[in-house]
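Biologist: I would like a close look at one part of this protein. Please take a single residue and walk me through its surroundings.

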Amino acid sequence: MFQAKGCTIYGTTDKNVAPLLEKLDKENTLVFNLTKEAVSGGKLLQADLSLDKYSEGVDQVIAQLIKTNEREVCLFVADTQADAIAGMVIACGVRSLQTIGKMRAMIDEGITEKEWTLQLIKKSFETPMNDAVDRYDVVESCVAKMPNGDLGKILADTIVDLCGHEAVNIRDNIKVLKEKFDKNGESMEAKIETIQMLERYFNAVCVCCYMRSEGETGYTKPFSQWCKEQEFVESSKTNGIRFWKDMTFFSLAPVK
């Protein structure tokens with residue numbers, strides 16, 4: 001079991017979660033089964049965050065999370081660390097927006113001083129925490145077009161680093177996998193692994209941009225609908241990521 005740093009958000013590839021729940025607050029833990037297998041132990045919620053079903057899966061996870069408070073424990077059960085982190089990113093994003101909402105409410109209620117609280121929000125959620133982030137054209141071009149794209153990208157990179165504290169970092173791992181592809185005789189397996197990791201990171205950025213646009217108003221517009229309205233999201237996946245599978249060459253150098 002691995003934890004997002006500083007958060008009550010966990011992931012695991014163990015299908016028997018009962019022993020894990022003994023280490024957590026089992027009475028107040030949401031367990032999301034992201035696999036197609038039976039998972040034993042705990043109150044289980046099913047969600048599909050596979051690459052082909054990602055938008056609908058995000059809606060499933062958010063619908064459950066917004067019913068809870070930011071201290072509720074979440075455990076995502078998946079076949080791989082990267083798949084679990086796809087769920088953990090969503091949960092961390094929802095928790096972040098819950099916290100931002102509460103901080104703004106404290107301003108409105110006169111509990112905290114406005115300028116100080118806004119600066120705290122900026123420092124905690126709107127300032128890059130990592131200056132050594134690899135950037136990719138397909139991600140950067142979408143961020144530039146999205147509502148609150150810059151804030152969403154900052155939130156995504158912060159969360160990806162928190163979730164990758166004890167497990168795979170889905171952004172940094174893109175470069176690792178591409179180097180593996182280059183060294184292993186350009187195998188199709190390594191190529192597909194790299195493409196899928198890039199799409200996972202792309203998805204994380206998209207969902208955080210969505211949250212910065214819709215989260216403070218209660219997610220009245222589902223992520224799946226939001227993506228359809230941002231038509232470039234799906235076309236970027238098709239023409240900027242997945243198309244590499246059938247190309248005879250494979251260039252994925254980070255943007256300088």
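This is a predicted model: local features need pLDDT of at least 70, side-chain atom pairs count only at pLDDT 80 or more; totals for chains, interfaces and linings use all residues.

In which helix is Gln98 found?

Modeller: Gln98 is found in helix 3, which covers residues 81-108. The chain has ten helices and five strands.

Now the burial. Gln98 has a relative accessible area of 18%. Buried means under 20%, so Gln98 is classed as buried. Buried residues make up 50% of the 256 in the chain.

Next, the polar partners. The side chain of Gln98 reaches the backbone oxygen of Thr68, at 3.0 Å. A polar contact also links the side chains of Gln98 and Arg95, at 3.2 Å.

Then the wider contacts. Set aside the neighbours within four places in sequence, and Gln98 touches Leu65, Ile66, Thr68, Asn69 and Glu70.

Step back to the whole chain. Of the contacts with a separation of 6 or more, 71% come from residues 24 or more positions apart. The radius of gyration is 18 Å, which agrees with the value near 18 Å for a compact globule of 256 residues. The C-alpha trace spans about 60 × 45 × 30 Å along its principal axes.

Last, the surface and the charges. The chain exposes about 12,400 Å², and carbon and sulfur atoms supply 50% of that. There are 32 positive and 39 negative charges, and their mean positions lie 1 Å apart.

Methods
Residues are numbered from 1 along each chain as its sequence is written. Side-chain values use heavy atoms; hydrogens and water are left out. Helices (H or I, at least four residues) and strands (E, at least two) are DSSP runs, numbered from the N terminus. The radius of gyration is taken over C-alpha atoms; the globule rule is 2.2 Å times the number of residues to the power 0.38. Buried means under 20% relative accessible area, exposed over 50%, partly exposed in between (1.4 Å probe, protein chains only). Contact means heavy atoms within 4.5 Å. Accessible areas come from the Shrake-Rupley method with a 1.4 Å probe; for residues, only the protein chains shown count as cover. Lys and Arg count as positive and Asp and Glu as negative; His and the chain ends are not counted. The place of a charge is taken as NZ of Lys, CZ of Arg, CG of Asp or CD of Glu. A polar contact is a pair of N or O atoms within 3.5 Å; within protein, one must be able to donate a hydrogen and the other to accept it, and residues adjacent in sequence count only if both atoms are side-chain atoms.
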